[in-house]
Amino acid sequence: MDRFRMIFQYFQSNSESVMNGICGLLALASIKIYTCFDFSCPCLPWYNMAYGLGIMFVPPITLFVCGLILNRQSLVMLEEWRRPQGHRKKDLAVIRYMCFSIMQRAMVAPVIWIVVTLLDGKCLICAFSGSVDPEKFVGFANVGPLQVQQLLVKVPCKDDELMRNNTSRKAVSRYLRCWSQALGWSILLILIVAVFLARWLRPCFNQATLLQARHWSNYIDIEQKIFEETCCEHSRLFAHKCILHFFKSMRQEIKLHSFSLPRQGEGAEGGEDLLRGITDQDQVNKLLKMWYYEKPPLDISQVTQRHPLGQERSSLPWADSPSTQSKFLQHTDV
């Protein structure tokens, strides 16, 4: 169990590792789904193209949407883009960097699906068999136009009675498969060259802007995680205090059922430190609303500022908590 807990904590603290893993799993899933898929062309006019192009492009769109949904940074980016500015200005360069990173990971599985379908050739044969010029093939020379069209749409169906003894079926199939594989290899070559140029030409541009965008995109993600963890700690302690207050008059019954309550004053100091004087629902709601509408500026030199909760607090109320500092250091070390 400890090993699984360590693995879970590692992936939880490394969003980039998680997203790369999900990206790889979606890519492998796309290949596995295609190999297990029973492709069956309808061999009917107008339906061939709809079926072939649908199999080629509808699953990639689904995989792309799944990649966006599974990527945690998609929600973080949308929240950062739509949030009120408050005391912290929005950096469009950071939002663009996050958007590009999300799109880049989400596009891997769809591109692999399209390349695999093109290299296989079945989809293109099914979609464009009725659009081939029959004059290029000798077997259709002495056949009427209407019958030619019927024969061409039957090309993907090798077991059909009309095409079983037709010598031109294999020629049309090879012709379309050749174009399909050429298109697939061309797309793959273009992608490889584009990735190569992006990696090797990147040092030629301004690296400071890229480093800043990467740093603050990681900061937004880590800040959101620490805020959620701190809210969970506060909610747990707040619920604990409410329950103790509710059962204060039932101490004897609690002892009979082997529930242990802290002694008078025990744990109060740590609890009050985490509660930060926020002791009722209205204060909690006001604090959460302030976090959304008036995020504190990225300046920790401002030690204290006036909050409308009735007392002086730091701009980041959880910043001086030892447990939170240790979590933040763990995130930054990674």
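Colleague: Why does Arg 72 count as partly exposed?

Modeller: This is a predicted model, and in it Arg 72 has a relative accessibility of 28%. Buried means under 20% and exposed means over 50%, so at 28% Arg 72 falls in between and counts as partly exposed.

Colleague: And Asp 221, buried or exposed?

Modeller: Asp 221 comes out at 4%. The cut-off for buried is under 20%, so Asp 221 counts as buried.

Colleague: What makes Arg 72 and Asp 221 a salt bridge?

Modeller: Their N to O distance is 2.1 Å. The rule asks for a Lys or Arg side-chain nitrogen within 4 Å of an Asp or Glu carboxyl oxygen, so the pair qualifies.

Colleague: Why say that this pair ties parts of the chain together?

Modeller: Arg 72 sits in helix H4 (residues 72-82) and Asp 221 in helix H11 (residues 207-246), so the bridge joins parts 149 residues apart in sequence.

Colleague: How many salt bridges does the rule give?

Modeller: Three. Another is Glu 223 with Arg 88, where the closest N and O atoms are 2.9 Å apart. That pair also links distant parts of the chain: Glu 223 is in helix H11, while Arg 88 is in the loop between H4 and helix H5 (92-106), 135 residues away.

Colleague: How do you know whether Glu 223 and Arg 88 are buried or exposed?

Modeller: Glu 223 has 8% relative accessibility and Arg 88 has 7%. Both values are under 20%, so both residues count as buried.

Colleague: Which residue forms a salt bridge with Arg 83?

Modeller: Glu 80, with the closest N and O atoms 3.1 Å apart. That is within 4 Å, so the pair passes the rule. Arg 83 and Glu 80 are both buried.

Colleague: Which residues does the UniProt record call "transmembrane region"?

Modeller: The unreviewed UniProt entry gives residues 21-40, 46-71, 92-115 and 182-201. In the model, residues 46-71 are 92% helix and 0% strand, with end C-alpha atoms 38 Å apart. For residues 92-115 the figures are 96% helix, 0% strand and 33 Å.

Colleague: What makes up the largest nonpolar core?

Modeller: Eleven residues, including Phe 39, Met 56, Ile 114 and Cys 157. Helix H3 (47-70), helix H6 (108-120) and helix H7 (122-128) each supply at least two of the core residues, and H7 gives the largest share, three.

Colleague: Which residues does Met 56 touch?

Modeller: Leaving out residues up to four places away in sequence, Met 56 touches Trp 113, Ile 114, Thr 117, Leu 118, Cys 123 and Leu 124.

Terms used: Residues are numbered from 1 along each chain as its sequence is written. This is a predicted model: local features need pLDDT of at least 70, side-chain atom pairs count only at pLDDT 80 or more; totals for chains, interfaces and linings use all residues. Side-chain values use heavy atoms; hydrogens and water are left out. Helices (H or I, at least four residues) and strands (E, at least two) are DSSP runs, numbered from the N terminus. Buried means under 20% relative accessible area, exposed over 50%, partly exposed in between (1.4 Å probe, protein chains only). UniProt positions are given in the numbering used here, feature names are shortened, and annotations may be inferred rather than shown by experiment. A nonpolar core is a set of buried Ala, Val, Leu, Ile, Met, Phe, Trp, Tyr and Cys residues joined through side-chain atoms within 4.5 Å. Contact means heavy atoms within 4.5 Å.
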